[in-house]
Amino acid sequence: MTALPDAAVSRLVRAIRAPDLSGTRYVLGREVGRGGMGSVWEAEDPELGRVVALKVLDLPDAAGDLAARLKREARVLARLEHPGVVPVHDVGTLPDGRPWYAMKLVRGDRLDAAAALLPTLRERLRLFLRVCEPVAFAHARGIVHRDLKPSNVMVGPFGEVLVLDWGIARLLDEEASERRPGPPAEPPIEPCEPRAGGPGTAAGTVLGTPGYMAPEQARGDGGVDARADVWALGVLLRGLAGPEALRARRLAAIVAKATAERPAERYEGAPALAADVVRYLDGEPVTAYRERPWERAARFAVRHRVALLLLLAYLAARAAVLLVYGR
Amino acid sequence: MTGGFFPPTRASVVEALRSGDAAERERALGTLVAAYWRPVYRHVRRKWGKGHEEAADLTQDFFAELLTRDLLARYDARKARLRTYLRLCVDGLAANAAKAASRQKRGGGAAPLSLDFEGAREELERRAPGSDETPERAFETEWARSVLALALERLAVALEGRGKGIAHPLFEICELGAGAEAPSYAELAERFGVSVSDVTNGLSLARREFRRTVLDLLRELTGSEEELRLETRALLGIDVP
C-alpha cells in the first residue's frame with residue numbers, strides 16, 4: 001500500500017462527498033456551499049437548459065434525523081411560494097440513500113456584505129424591510145424560520161432578497177392541526193425531532209445560531225413562536241443600522257423592543273416590526289417609543305421641514321415688508 | 001429506508017480483535033495495522049523526534065503490545081475516539097524509556113509485521129510539515145490518507161472480483177491521475193473503445209462503490225455510531241458542529 005499524494009487525497013474525498021446523480025436528469029457541477037447538515041452543488045438540468053442548486057446530505061444518516069430534516073425543508077420551501085423564498089424544483093434520493101432537493105440557484109451576496117455597499121441608513125433600513133417580507137409571509141402561514149442570520153439572507157444583483165436555509169423551521173399550524181379534529185387541510189410535514197414541547201423540536205433541544213437565537217430558543221424551550229424570529233430580525237436590524245444610527249432613540253427603541261428578553265414584550269410578528277421601521281423612515285411616531293413633547297415637536301419639524309422653511313420664509317418676507325413700508 | 005445508510009458489514013475491529021474466530025481476529029488486525037501503521041510511525045518521528053530505526057521498532061512494538069496486552073480491552077467508545085485512544089497509547093509507549101529498553105522482551109516473540117518503513121521514511125522526508133501542523137493534526141492527516149489507500153485496495157478487489165471491466169481503471173484515471181485535469185468522457189470512451197454512457201456508468205459505479213467501501217471501513221475502525229459519524233466528518237473535512 002503506497003502513500004497517496006495530497007492531490008489524490010483531495011480528489012478522493014471529493015469523490016466520496018460528491019452526489020452520484022446517475023438516474024437523475026442533472027449533471028453535477030462544482031460545490032457552492034456547505035451547511036450544518038449538507039452541501040450545495042451546482043447542477044445543470046440539460047432538459048430545461050438551466051443551472052440549479054442541489055442540496056444533499058454530506059453524510060450517511062444512521063439516525064435518520066438529518067434526512068428527515070432535509071426532506072422537511074424541501075416541503076417547507078414548497079409551501080412558501082414567495083419571491084423572497086427560494087423555489088424548490090425537484091426532490092429525490094441518491095442511489096446511496098442520501099436525500100436531495102433541487103432549488104433555484106441563488107447568486108448574490110450575503111446580507112452583511114450587501115449592506116456594506118449601501119452608504120445610507122435609509123437604504124439599509126429599506127433592505128431590512130425586504131428581509132422582513134418573506135419572514136412575515138412565513139409567519140402568516142404558521143412557519144417560524146428559527147435561524148435568521150446574515151449568512152441565511154442572500155441579496156441578488158438587483159437588490160432582490162432571498163431568505164435561505166429553512167432546515168430547522170417550525171410549523172405552528174402542525175400543532176394546531178394536531179389539536180383539531182378531522183384531517184388537516186394539507187399533508188403535515190414530518191417533524192425532524194420527537195415532539196415533546198411542540199412539533200418539530202423537543203423541549204430541551206437547542207437548534208439555531210448563537211447570537212441570533214432568542215433567549216427562549218437558546219434555552220431549548222419547546223414552544224418558540226414567531227417572536228423568536230422577531231428577536232433575530234432585531235439583531236439583524238441592529239447590525240444593519242450600526243452604532244451611530246442607534247443613537248437615535250426611536251430606532252434604538254425599535255431594536256430594543258424586537259430583542260426584548262421576554263417574548264411578550266416583543267413585536268408579535270415580522271409585520272409589526274416592519275411597520276414600525278416604516279414609521280421611523282416616514283418620520284411618524286413608532287410604537288416602541290413614547291415621545292416627549294419636545295421630541296414630537298422636533299420630529300414634526302424634521303418631517304415637515306420644507307413646509308416650515310417656506311412658512312418661515314413667508315413670515316420673514318412679511319416682517320421685512322412691515323418694517324420697510326410700515327404696513 | 002430504515003437503520004440509516006450504512007449497509008450491514010463487518011464488525012468493528014475493537015470487537016473483532018476479541019473474537020474467538022482466529023480468521024476474524026487476523027483480518028481485524030490487518031485492517032487496524034493497514035490504517036494505523038503510517039500514522040503511528042509518523043507520529044513517533046514527528047512528536048517524539050525518534051530516528052527512522054527507532055520509530056520503526058516502536059511502531060512494531062505498538063502493534064505487538066496491542067495484542068499481547070490487549071490494549072483495546074480498555075477502550076471505551078463513549079469516552080474517546082478509537083483514533084485518539086490509539087494515539088495516546090503510542091504516546092505512552094514512546095514516553096516510557098524503560099519500556100522501550102525492554103522492547104525485545106515485550107514483543108514476546110511476535111513476528112514483526114511486514115511494513116514498508118523505508119517507503120514511509122522517504123514519504124515523510126519528502127513532505128515537509130506545515131508550519132501550523134500539530135502532531136495530532138499530522139496523525140489525523142496520515143490516518144485519513146491510510147484509510148483512503150486501504151479503501152482503494154478493497155475497491156480494486158471488489159470491482160475486479162465482480163468483473164466490472166472498465167470501472168476500476170476509469171476511476172484510477174479520473175481520481176488518481178497525475179494530470180491537473182482528468183480526460184474528458186469522450187476521450188476515455190475512445191481510449192477504452194466504449195460509449196460515453198458506458199464511461200459515465202462505469203465511473204458512477206466505481207464512485208458509489210468507493211464511497212460504500214470507505215464507509216464500511218470507517219465502521220470497522222470505530223466503536224460506536226457516534227464515533228462513526230465523527231470520523232466520517234473528520235475524513236470528509238467537515239467541522240463537527
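Is strand S3 of chain A mostly covered or mostly open, and how many of its eight residues are buried? S3(A) is mostly covered, with six of the eight buried. Keep in mind that this is a predicted model. Here's a quick tour of chain A, starting with the overall picture and then going through its sheets and the cores.

**Chain A at a glance**

- Chain A has eleven helices and ten strands.
- It runs to 327 residues, and 39% of them count as buried.
- If you take the contacts in chain A with a separation of 6 or more, 57% come from residues 24 or more positions apart.

**The five-stranded sheet**

- Five strands of chain A make an open sheet, ordered S1-S2-S3-S5-S4, and the pairing is antiparallel.
- At the edges you'll find S1 (27-34) and S4 (88-93) of chain A, each of which pairs on one side only.
- Going from one strand to the next, the twist averages 25 degrees.
- Helix H2 (residues 65-79) of chain A lies across S2 (38-45), S3, S4 and S5 of chain A, at about 30 degrees to S5(A).

**The three-stranded sheet**

- Chain A also has an open sheet of three strands, in the order S6-S8-S9, again with antiparallel pairing.
- S6 (109-110) and S9 (161-163) of chain A are the edge strands with a single partner strand each, so one side of each has no neighbour in the sheet.
- Two bridges hold S6(A) to S8 (residues 153-155) of chain A in an antiparallel pair, and Asp109(A) has Val155(A) as its bridge partner in S8(A).
- Helix H4 (residues 121-140) of chain A lies across S8 and S9 of chain A and runs at about 40 degrees to S9(A).

**The nonpolar cores**

- As background, nonpolar side chains in soluble globular proteins tend to be buried together.
- Here, the largest nonpolar core has 78 residues, and the ones with the most contacts inside it are Leu54(A), Val131(A), Leu233(A) and Leu236(A).
- Leaving aside residues up to four places away in sequence, Leu54(A) touches Pro19(A), Tyr26(A), Val40(A), Trp41(A), Ala43(A), Trp100(A) and Ala102(A).
- Another core, of 58 residues, lies apart from the largest one; among its members are Leu72(B), Ala206(B), Val214(B) and Leu215(B).

Definitions and conventions:
Residues numbered from 1 in each chain as written. Chains lettered and ligands numbered in written order. Predicted model: local features only at pLDDT ≥ 70, side-chain atom pairs only at ≥ 80, totals over all residues. Core = buried A, V, L, I, M, F, W, Y, C linked by C-beta atoms within 7 Å. Buried ≥ 20, exposed ≤ 12 C-beta atoms within 10 Å, placed from the backbone. Contact = placed C-beta atoms within 7 Å. Pairing = 2+ DSSP bridges. Helix = DSSP H or I, 4+ residues; strand = E, 2+ residues; numbered from the N terminus. Axes fitted to C-alpha atoms, helices over the stretch in contact; angles between N-to-C directions.
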